[in-house]
Amino acid sequence: MSASAVHSLWTMAADPIDKIDAPKIEYGQLSPTLIVIGAAVLGVLIEAFVPRKPRYYVQLFVTVVALTAAFAAVVGLAARGFGTTKAQIAAMGAIAVDGPALFLQGTILLAGLVAVFTFAERRLDPVTHGNRVDSFVAQAGAVPGSEGEQAATKAGFTTTEVFPLALFAIGGMLVFPAANDLLTLFIALEVFSLPLYLLCALARRKRLMSQEAAVKYFLLGAFASAFTLFGIALLYGYAGSVSYATIANVVEGDISTMDPALADTMGNDALLLIGVAMVVMGLLFKVGAVPFHMWTPDVYQGAPTPVTGFMAAATKVAAFGALLRLLYVVLPGLRWDWRPVMWGIAIITMLGGAIVAITQTDIKRLLAYSSIAHAGFILAGVVATTPDGVSSVLFYLAAYSFVTIGAFAVVTLVRDAGGEATHLSKWAGLGRRSPLVAAVFAVFLLAFAGIPLTSGFTGKFAVFKAAAEGGAGALVVVGVLSSAIAAFFYIRVIVLMFFSEPKADGPTVAVPSPLTMTAIGVGVAVTLVLGVAPQYFLDLAGQAGVFVR
C-alpha cells in the first residue's frame, strides 16, 4: 500500500472527530488556592537560588504575603456574593465556590498564617555557635547525632524548606473542603498529607521520636488514603461518575442524566454502601475520630510543636469541611444509613477522647486526646443534618483552630535543658514563676473545657443546640457528660500550675520574639471575642452554611 493511500485513510479516519474543547477555568474564583500554590512553587525556587543567609527572611516574607493575599482574595469573593447568591461550581465541575468553602478557606488561611509565625520563631532555643535556631533540624538528611548533623548545626544551617512545605499543605487544604468530585478530593488529600508527613520528621530536639512520629503518620495515612481511593473506585462503579452531583442523583434514583449503556449496570447498593463507608473512613482518619485515632497522640507528641499546632488546627478544618460536603451534597438520600453510624462514632469519640486524656502525663498527648474529644463534639453538629448543623460546625472549627494554635504556641515556651518540658510534673508551680504565661494557658484550657465567656462555650452550645433540634438529643446528653469529664483534666492542669509549689530545678519560660507573641495574642483575642460577643461570627457562619450543588 502506498504512503499516499495510508495518508488518505488516516485523514478520513481523523475527519469526523470533534475538536477537543479547551478547559474553561474561572481563575478569579480559584485565586486563593492559586496564590498559595504559586507561592509554594516560588518557595522551592528560593531554596535553590537565594543564598543561605537571607533565605529565611525571604521565605518568611513570601509566605506571609501569600497567605495574606489569599485571605484578601477569599474576602473579596465573599464580598462579591460568591458565598451566597453567586455560589457556583468552577473549574469544569471540580471545585465548588460557595459559603462553606469560602468560610473554611478563610479559616485555614488565617490559622496557617498564625501557625507560620510559630514556625519562624528563633528566640526560644539558646544561641548555637553564634546562630539563632528555630524548632527545626539543621539538616534533615543527616542521621540523628551524626557528625554530619553536628557540622550542619555548627555551620548555622536551617531548614527553611518548612515554609514552602507549609504552603503546599495549606494549598491542598484549601481545595479539600471545596472539592466537588471524588478525584479532586483525593488529589487534595495527597497534596496536603505528603508535606505534613515530612514536617513531622523535622524536629531539632528528640529527632528519633520525631522521625518515629512521621513514619507512623505516613504508614497509617497511606492505609487511610488507600481505603479512600478504593471507596472512590466503588462509588464510580455505582454511579458511573465521580462528580458529586451525579452520584447524588443516582442515590436519589434519578438516572435520567446517565448514559443509557451504563444505566443497567449501575445502582448496585452494595457498591454504594461499601464505597461510602471507605471514603468516610479516610476522612474520619484525618479528623482523628475513634476508632481511626491511633496515630494522633504519637504524632502530636513527636512532631515539632509548631507543626503539631498547625496540623491540629488546619487539618481538622479541612477534613470536616470535606466530610460535611460529602454527607450533605452527595448523600442526603442516604441519610438513614449514615446517621446511625455517625451517632455511634460521635459517642465513642467524645467518651474515648475525654476518658483516656485523664491518664496522660505529657501535655502534648493530653492536648492530642483533647482534640479527639473535640472531633466527637463537632461530629454531633454533623449528625444534626440541618442548616444550623452546618453553620454550628463552621463556627466551632473557626473557634477551635485558634485556641489550638495558641495552646501549642504556649507549650513551646516552657523549656528545660532538653528542649520543651512537656511532662506535666514540670508544669507544677508555673503560675508562680511566670503568671502571665500560666494565665494565658489557663484561658486556652478553659476554652477547651467550654467554660462560659470563651469561644469553646459558644461553639459547644451551637453544636449541641443544632444536634438537639435535629433530633439527636441523646447525643447531646453524652456530649455534656464528656465535657464534664474533659473539664476535670483541663482544670487539673490549671490547679497544678497555680496551686503547686514550683520545683527548684523546674523549667524556665523562654521569652519569645514578637512572632510567637502575635500567635498567642491572636489566640487569646479570638477566644475572648468569640466567647463574649459571638453573634456577628455566628451570623457569618449561618450565612455561609448553604452548599451549592
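Keep in mind that the model is predicted.

Let's start with Ser455. Ser455 belongs to helix α19, which covers residues 455-469. Is Ser455 buried or exposed? Its relative accessible area is 1%, so Ser455 counts as buried, the cut-off being under 20%. What is Ser455 in contact with, once neighbours within four places in sequence are set aside? Phe395, Ala399 and Val403 are among the contacts. Ala447 is another. Then come Val526, Thr527, Leu530 and Gly531.

Next, the sheet. Three strands form an open sheet, in the order β4-β3-β5. The pairing is antiparallel. Which strands stand at the edges? They are β4, residues 419-420, and β5, residues 508-509. Each has a single partner strand, so one side of each lacks a neighbour in the sheet.

Now look at one pairing up close. Strand β3 spans residues 414-416. Two bridges join β3 and β4, in the antiparallel sense. Asp416 has its bridge partner in β4, and that partner is Gly419.

Last stop, Met266. Where does Met266 sit? Look in the loop between α10, residues 260-263, and α11, residues 269-287. Met266 is in a loop, and it is buried, with a relative accessible area of 11%. Compare its position with Ser513. In sequence, Met266 and Ser513 are 247 residues apart. In space, the C-alpha to C-alpha distance between Met266 and Ser513 is 60 Å.

Notes
Residues are numbered from 1 along each chain as its sequence is written. This is a predicted model: local features need pLDDT of at least 70, side-chain atom pairs count only at pLDDT 80 or more; totals for chains, interfaces and linings use all residues. Side-chain values use heavy atoms; hydrogens and water are left out. Helices (H or I, at least four residues) and strands (E, at least two) are DSSP runs, numbered from the N terminus. Buried means under 20% relative accessible area, exposed over 50%, partly exposed in between (1.4 Å probe, protein chains only). Contact means heavy atoms within 4.5 Å. Two strands pair if DSSP finds at least two bridges between them.
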